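Student: I have a structure to look at, and I would like to work through it with you step by step. Could we take it question by question?

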Amino acid sequence: MNDVAFQQCMNPVCGARYAVDEVHVSCAKCGSLLDIRYDWDRLPRLKSLSYFEHRWSTKGTEAEGRADFSGVWRFRELLPFYRTEEDIVTVGEGRTQLQKADILARHMGMKAGSLLLQYEGLNPSGSFKDNGMTAAFTHARMVGAKRVACASTGNTSASLALFASLAEMQGVVFIGSGKISLGKLSQALDYGALTLQIQGDFDACLRRVRQVAVDAPQMGIYLMNSVNPFRLEGQKSIMYRVLEARNWEAPDWVIVPGGNLGNCSAFAKAFEELKELGLIKKVPRLAVINASGANTLYQLYTKQGLRWKNDWYDASVVQGFYATMDENNIHAHTVASAIEIGHPVNLPKALRALATMDGVVEEVTDDEILEHRAMIARWGFGCEPASAASVAGLRRLLDKQVISPDETVVCILTGHELKDPNVTVKYHTGIDMKAAQEAAPSSPPQGRLSNRPVPVEDSLEAILRAMGGDPRMLSGAVTAAR
Ligand SMILES: *Cc1c(COP(=O)(O)O)cnc(C)c1O
Ligand SMILES: [Zn+2]
């Protein structure tokens, strides 16, 4: 066992600790989110971040360099929760780049050199999610998991399916009906995951997958959603690579789209730890950008002034907000399907992140997202709609003079342009390929490896049956669906 790392409840009143090789969806005592923490004093002390540079130069070509091949694990001293390097499940994720976007900067009214794009779409499955999946699969292997599952707006399922097939675990993905873009659906099917198309939206899928994990323990499901704190450990590496590309100097701003709010939470954790370890002095400011059709964080933080205070937050404000959403039957709706989320699971961690990084939260409309996506494609090399929320948000923050045009800004491009070709084609031609596909007559699949999505009604019994389980084996009290 690794006794330098442990899991800890983020609620300071509870603060329960769990061993790193236990499996928890949330704190067993109070239900709050868990953090992975380290006893840094018992680990070899890092003197400087430049320690990591030699790893990039060998690119994992040396016999013992398997982990160095990964843009996540070449920083492994900063996420030391695994037992041995044998545990590490990697496909060479995180070999991404920070690129100066001077032409785009000019079109945004910024100085050359001041706008940088971090292309996380260059990951093996085409989104930043691979950074987190490599870490969560490493934990899954440590605890002997055989079956892994997630609810997803698309990229999580693509990434899970890829890692599950290479780690030889069964992948099960829960996706909302008609909610997933073509590129992402095709990946889940291609990598061989059992793909359950639930009659509901993302929030319904997340509720069900958590239910299966908790109420049907005989299914042996290891949960890969962003409530999984190990994913955030891997996603810290996005910030390490941004720093590395800038000779370990922090930019003024990091701008990231906000969906389930795992990424922004991971970024703040990265900086908080680097500061604690004395490895950086300056922490950049954070801007989280919501789509205006899925703007829970914007409403709570910017409109209602909800803040992280004395290590906690006022949960009654959040409950009140959700109650109003439910009463008025409001569901998330945006062209940026990767951030089409009404109940972001990492909300408390995001509030903490905004405090750590002196953050702001902005919202952008679908039109702003589409126009900025097209600008990034024209003068960068493209991203999917959700990613463009970062640059659209930058535009708003420049207009409001929150960000000044000579500050250094890193926008995280979270997913690859080819994830969602329908949006691009529709933008340029007006033709809705998605509608055309749905109208076309279908013939049954013929391929030897054909893997059809399975439509499932939004009920626990139906889901268990689709997974080959027996609903009669449900353990005692079933969690009431909200
Ligand atoms: C998952 C995802 C997001 C949202 O990230 P969170 O960590 O859930 O806030 C944004 N963009 C893309 C492309 C994604 O796949
Ligand atoms: Zn707790």
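Predicted model: local features only at pLDDT ≥ 70, side-chain atom pairs only at ≥ 80, totals over all residues.

Student: What is the geometry of the site of the zinc ion (ligand 2)?

Tutor: The zinc ion (ligand 2) is coordinated by the SG atoms of Cys 9, Cys 14, Cys 27 and Cys 30, at 2.3 to 2.4 Å. Four donors count as tetrahedral if all angles lie between 85 and 135 degrees. The angles among the four donor atoms here are 96 to 115 degrees, and the site is tetrahedral.

Student: Which spacing do the donors of the zinc ion (ligand 2) follow along the chain?

Tutor: The donors include Cys 9 and Cys 30. Along the chain, the donors of the zinc ion (ligand 2) follow the spacing C-x4-C-x12-C-x2-C.

Student: Is Cys 9 buried or exposed?

Tutor: The cut-off for buried is under 20% relative accessible area. Cys 30, at 37%, counts as partly exposed, whereas Cys 9 has a relative accessibility of 5% and therefore counts as buried.

Student: How many residues apart in sequence are the parts that Arg 208 and Asp 458 tie together?

Tutor: The side chains of Arg 208 and Asp 458 meet in a salt bridge, with 2.6 Å from N to O. Arg 208 lies in helix H6 (residues 202–215), while Asp 458 lies in the loop between strand S14 (454–456) and helix H16 (460–466), so the parts tied together are 250 residues apart.

Student: Which residues do salt bridges that share partners join into one network?

Tutor: One of the salt bridges in the model is formed by the side chains of Arg 37 and Glu 272, at 3.5 Å from N to O. Through shared partners, salt bridges make one network out of Asp 35, Arg 37, Glu 272, Lys 349 and Arg 352.

Notes: Residues numbered from 1 in each chain as written. Chains lettered and ligands numbered in written order. Heavy atoms only, no water. Donors = N, O, S within 2.8 Å, 3.2 Å for Na, K, Ca; no water. Tetrahedral: all angles 85-135°; square planar, octahedral: opposite > 155°, others 65-115°. Buried < 20%, exposed > 50% of the residue type's maximum accessible area, 1.4 Å probe, protein only. Salt bridge = Lys/Arg side-chain N within 4 Å of Asp/Glu carboxyl O. Helix = DSSP H or I, 4+ residues; strand = E, 2+ residues; numbered from the N terminus.
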